[in-house]
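I opened a new structure today and kept notes as I went. Here is what I looked up, entry by entry.

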Amino acid sequence: MLNDQGLHQVKIIASDNLWEPISTSILFDPELFKVVDVIGAHYPGTRTVKDAVLTEKKLWSSEDFSTVNSDLGAGCWGRILNQNYINGFMTSSIAWNLVASYYPQLPYGRCGLMTAQEPWSGHYQVDSPIWVSAHTTQFTQPGWYYLKTVGHLEKGGSYVALTDGLGNLTIIIETMSHKHSMCIRPFLPYFNVSHQLAHFTLKGSFSEIPELQVWYTKLGTPSEKYLFQQLDSIWLLDSGSNFTLELEEDELFTLTTLTSGRKGSYPPPPPSKPFPHSYKEDFNVDYPFFSEAPNFADQTGVFEYFMNIEDPGEHRFTLRQVLNQRPITWAADASSTISIIGDYTWSNLTIKCDVYIETPERGGVFIAGRVNKGGILIRSARGIFFWIFSNGTYRVTGDLAGWLVYAMGHADVTAKEWYTLTLTIKGHLSSGMLNGRPLWRKVHTSFPKNGWAAIGTHSFAFAQFDNFHVEASH
């Protein structure tokens with residue numbers, strides 16, 4: 001199908017799951033064999049299987065890492081970057097995810113190689129997995145080859161070597177301990193790493209190399225910690241191409257002929273700040289097509305800037321939920337759409353938003369506060385949800401699924417009209433207004449105590465939101 005559409009350069013990686021059954025299927029199905037270029041497995045624990053190797057396809061760890069970007073995550077990443085090839089012949093390791101740019105209390109908070117989760121302040125952190133990556137990525141390129149003379153060190157740890165085939169050589173050595181290199185998955189069997197001397201000899205064309213640049217990382221206690229520091233070069237002219245390295249636990253060395261390694265220095269990022277307690281968004285953006293509004297984090301559904309061409313008035317520019325059917329999904333995500341915003345520690349807050357239901361009879365929208373879950377856990381999210389429906393009713397529920405009903409009744413609401421909803425939550429009591437008039441009041445809730453603000457729709461149906469405003473206090 002791709003070839004028929006002229007996309008001859010597109011290659012297929014399969015199956016982005018486990019090594020089996022895809023590897024066996026490729027061996028027994030000539031047509032499948034022909035179209036799959038790379039076998040990709042998720043979180044392989046540095047291991048592969050016999051049938052994957054027998055296919056002679058490129059093997060990739062096509063999703064890996066997913067570990068908090070502390071020094072433990074850096075240790076995980078340093079170990080698997082080497083050992084995915086040594087143990088499993090994988091020539092690519094793809095970290096999920098590159099930059100953690102989402103609310104930290106969502107599932108997999110800070111599971112990026114670095115963190116940039118405050119667009120409102122501009123604060124970011126270049127975390128240690130970035131510098132662990134640099135030990136490989138600054139001194140190799142796609143198209144370089146691993147040498148066969150790679151493996152495990154006698155007292156724990158590993159080494160790989162790569163060349164561009166033009167005389168350049170890069171050796172990466174890691175001595176990550178078991179305790180400081182556990183990834184989020186899979187289970188890591190125990191191994192021991194201890195102080196050792198490692199002897200290396202460069203042979204063949206590499207015996208002509210006069211000098212190797214040295215880059216060094218030491219993970220561990222802050223007083224011992226070094227991240228991607230350049231050390232004195234190793235001179236090989238008088239040593240018969242032999243050299244010895246003293247290795248301790250939780251270290252990384254890169255030895256390379258390349259002189260292009262850099263650890264730049266940049267001004268410190270802006271200081272960290274909490275999400276503003278008072279936040280307004282009118283969605284007034286020219287040419288808004290297909291883009292999300294800042295700071296809103298869609299959990300199910302897709303919320304995009306929208307322009308009502310036939311409405312020259314106040315609601316010409318809005319935020320619209322644009323999915324009208326539930327997508328194919330691997331997670332137990334909700335059958336309602338929801339986008340969260342704000343500060344997870346918020347407790348007392350007032351949320352005000354103009355809403356527009358596009359679907360007659362069956363349509364519905366909500367605004368919510370103290371929403372306590374997101375991501376793959378969104379189906380069981382709790383909070384205080386204020387719903388109105390195009391059949392002329394309202395509900396107040398304690399969860400996104402709508403099972404915990406605190407209040408319900410008639411509301412003067414229909415489709416294709418704009419309404420202003422206001423939700424006020426203070427302590428154990430909540431109240432709601434429709435167009436500035438009280439609709440329900442003094443609903444008692446004891447859980448959850450805090451969470452995000454949110455907007456959303458009852459099902460996958462078109463609806464619009466405008467003039468979002470939240471005032472919060474802890």
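**Entry 1: the largest pocket**

I began with the largest pocket and found 28 residues lining it, with Met90, Thr91, Ser92, Trp144 and Tyr146 lying nearest its centre. Its volume is about 910 Å³. For the record, on a 1 Å grid over the protein atoms alone, a pocket is an open set of points with protein on both sides within 12 Å along at least five of seven lines, and lining residues have an atom within 4 Å of a point. A volume is the space filled by probe spheres set on the points, which are joined across faces, edges and corners.

I then asked which elements each supply at least two residues of this lining. They are β3, α4, β4 (90-96), α5 and β8 (145-146). The helices (H or I, at least four residues) and strands (E, at least two) are DSSP runs, numbered from the N terminus.

I also noted where all this comes from. This is a predicted model, in which local features need pLDDT of at least 70 and side-chain atom pairs count only at pLDDT 80 or more, while totals for chains, interfaces and linings use all residues. Residues are numbered from 1 along each chain as its sequence is written, and side-chain values use heavy atoms, with hydrogens and water left out.

**Entry 2: the cavity**

How many cavities of 30 Å³ or more does the structure hold? I found one; a cavity is a set of points where a 1.4 Å probe fits but cannot get out. The largest cavity has about 30 Å³ of space. Gly78, Leu81, Asn82, Val132, His135, Thr136, Ile172 and Leu252 line it. Both α4 (71-88) and α5 (128-137) supply at least two residues of that lining.

**Entry 3: helix α5**

Why is α5 largely enclosed by the rest of the structure? Because eight of its ten residues are buried, meaning under 20% relative accessible area with a 1.4 Å probe, protein chains only. I listed the buried ones: Ser128, Pro129, Trp131, Val132, Ser133, Ala134, His135 and Thr136. They pack against β3 (58-65), α4, β11 (169-174), β13 (211-218), β14 (226-235) and β16 (251-256), where contact means heavy atoms within 4.5 Å.

**Entry 4: the whole chain**

Last, I stepped back. The protein chain has five helices and 31 strands, and 50% of its 474 residues count as buried. Its C-alpha atoms fill a box of roughly 90 × 55 × 45 Å, taken along the principal axes.
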